[in-house]
Every structure is written in structure tokens, then in C-alpha cells.
Amino acid sequence: QVQLVESGGGLVQPGGSLTLTCVASRSIFSVNMMGWFRRAPGKERELVATLSDNGGTRYADSVKGRFTISRDNAKNTVYLQMNSLKPEDTAVYYCWAFSRDNYWGQGTRVTVSS
């Protein structure tokens with residue numbers, strides 16, 4: 001099992017930046033995939049970015065060029081660097097991991113507003 005705890009959300013102005021952090025309860029060295037999803041108000045959960053254990057990345061078209069996912073295996077941590085934030089990025093962001101099963105964090109809220 002893997003427990004995931006997110007942090008780093010908050011209120012930011014359009015054009016600003018935030019870095020989300022997801023700390024896993026155990027080593028992520030053998031975790032196949034990790035990533036970030038989000039659920040905006042009134043919308044379904046959607047994929048934001050994923051990172052495989054071989055370093056492969058995948059991004060939603062809406063965040064390409066603005067968001068970067070990375071992982072630090074030594075710290076059991078996955079990051080989501082978010083730049084040039086837009087109001088439409090407002091959502092609850094969830095950390096996700098796949099290792100024989102899907103695991104989810106409880107979410108961290110990001111609000112982009114002036």
C-alpha cells in the first residue's frame with residue numbers, strides 16, 4: 001500500500017506559479033506510475049500529468065509547456081511545478097500512484113484568481 005499526502009496548494013494570481021508536493025508513505029522507487037489529476041468545480045476529474053518509473057511523461061494538452069512533473073525517489077516525493085497559471089487551472093489537485101493498484105491522496109486546492 002501507498003499513502004499519499006499532497007501540499008502546496010493555495011491562492012495565486014493569474015500568471016503566477018505554484019509547486020505541488022506529494023509525499024509517499026514508502027519508497028516510490030518501484031512504483032510504476034505517479035501523477036497528478038485535478039477536479040475543477042462542476043467538472044469530472046481529469047489527468048494533468050503522469051511520470052513513469054522509466055522517466056516517461058505525459059501531460060494534458062491544456063497544461064503542456066506550463067506544468068512540469070518530476071520525482072525525487074530519495075525523498076519519496078513527486079512534484080508538480082505549475083507556471084503561468086490561469087483561472088481555468090482552479091481545481092482540487094490529487095496525487096496518484098499505481099503499483100498493482102491505484103492510490104490517491106486527499107487533494108490540495110488550487111485557486112487562480114485576481
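This report describes selected strands, links and contacts in one predicted model.

## Basis of the report

The model is predicted, and local features need pLDDT of at least 70, side-chain atom pairs count only at pLDDT 80 or more, and totals for chains, interfaces and linings use all residues. Residues are numbered from 1 along each chain as its sequence is written, and side-chain values use heavy atoms, with hydrogens and water left out.

## The disulfide

How many disulfides does a search of the whole structure find? The search finds one disulfide, a term for a pair of cysteine sulfur atoms within 2.5 Å. The disulfide is formed by C22 and C95, with their sulfur atoms 2.0 Å apart. This pair links distant parts of the chain, since C22 belongs to strand β3 (residues 18–24) and C95 to strand β9 (residues 91–98), 73 residues apart. Strands (E, at least two residues) are DSSP runs, numbered from the N terminus.

The link of C22 and C95 is left-handed, with -80 degrees about the S-S bond. C22 counts as buried because its relative accessibility is 0%, and C95 counts as buried because its relative accessibility is also 0%. Here, buried means under 20% relative accessible area, exposed means over 50%, and partly exposed lies in between, for a 1.4 Å probe and protein chains only.

## The aromatic cluster

The structure holds two aromatic pairs. In the pair of F37 and W96, the arrangement is edge-to-face, with 5.7 Å centre to centre and 75 degrees between the planes. The pair joins distant parts of the chain: F37 is in strand β4 (residues 33–39) and W96 is in strand β9, 59 residues apart. F37 is buried because its relative accessible area is 14%, and W96 counts as buried because its relative accessibility is 10%. F37 and W104 also form an edge-to-face pair, at 5.1 Å centre to centre and 70 degrees between the planes. This pair links distant parts of the chain as well, with F37 in strand β4 and W104 in strand β10 (residues 102–104), 67 residues apart. For these pairs, rings of Phe, Tyr and Trp (its six-membered ring) must have centres within 6.5 Å; planes under 30 degrees apart count as stacked, over 60 as edge-to-face and the rest as tilted.

Together, F37, W96 and W104 form one aromatic cluster. Is W104 buried or partly exposed? W104 is partly exposed because its relative accessible area is 32%. R45 lies over the face of W104, at 3.9 Å from the ring centre; a charge sits over a ring if NZ of Lys or CZ of Arg is within 6 Å of the ring centre and within 35 degrees of the ring normal.

## Strands β7 and β8

In a regular strand the side chains alternate between the two faces of the sheet. Strand β7 (residues 67–72) has a covered face of F67, I69 and R71, and an uncovered face of T68, S70 and D72. β7 and strand β8 (residues 77–82) pair in the antiparallel sense over six bridges; two strands pair if DSSP finds at least two bridges between them. The hairpin of β7 and β8 has four residues between the strands, and N76 takes a positive phi near 50 degrees in this hairpin.

Which residue in β8 is the bridge partner of D72? The partner is T77. T77 counts as buried because its relative accessibility is 4%. A polar atom of the side chain of T77 lies 2.7 Å from the backbone oxygen of K75. Leaving aside residues up to four places away in sequence, T77 touches T21, C22, V23, I28, S70, R71 and D72, where contact means heavy atoms within 4.5 Å.

T108 is placed in strand β11 (residues 108–112), and T108 is buried because its relative accessible area is 11%. The side chain of T108 reaches the backbone nitrogen of G9 at 3.1 Å. Not counting residues up to four places away in sequence, T108 touches several residues, including E6, L20 and Y93.

V12 lies in strand β2 (residues 10–12) and counts as buried because its relative accessibility is 11%. V12 and V110 are 98 residues apart in sequence and 7.8 Å apart in space, C-alpha to C-alpha. Again not counting residues up to four places away in sequence, the residues that V12 touches include L85, T111 and V112.

How values were computed: Polar contact = N/O pair within 3.5 Å; in protein donor to acceptor, adjacent residues only side chain to side chain.
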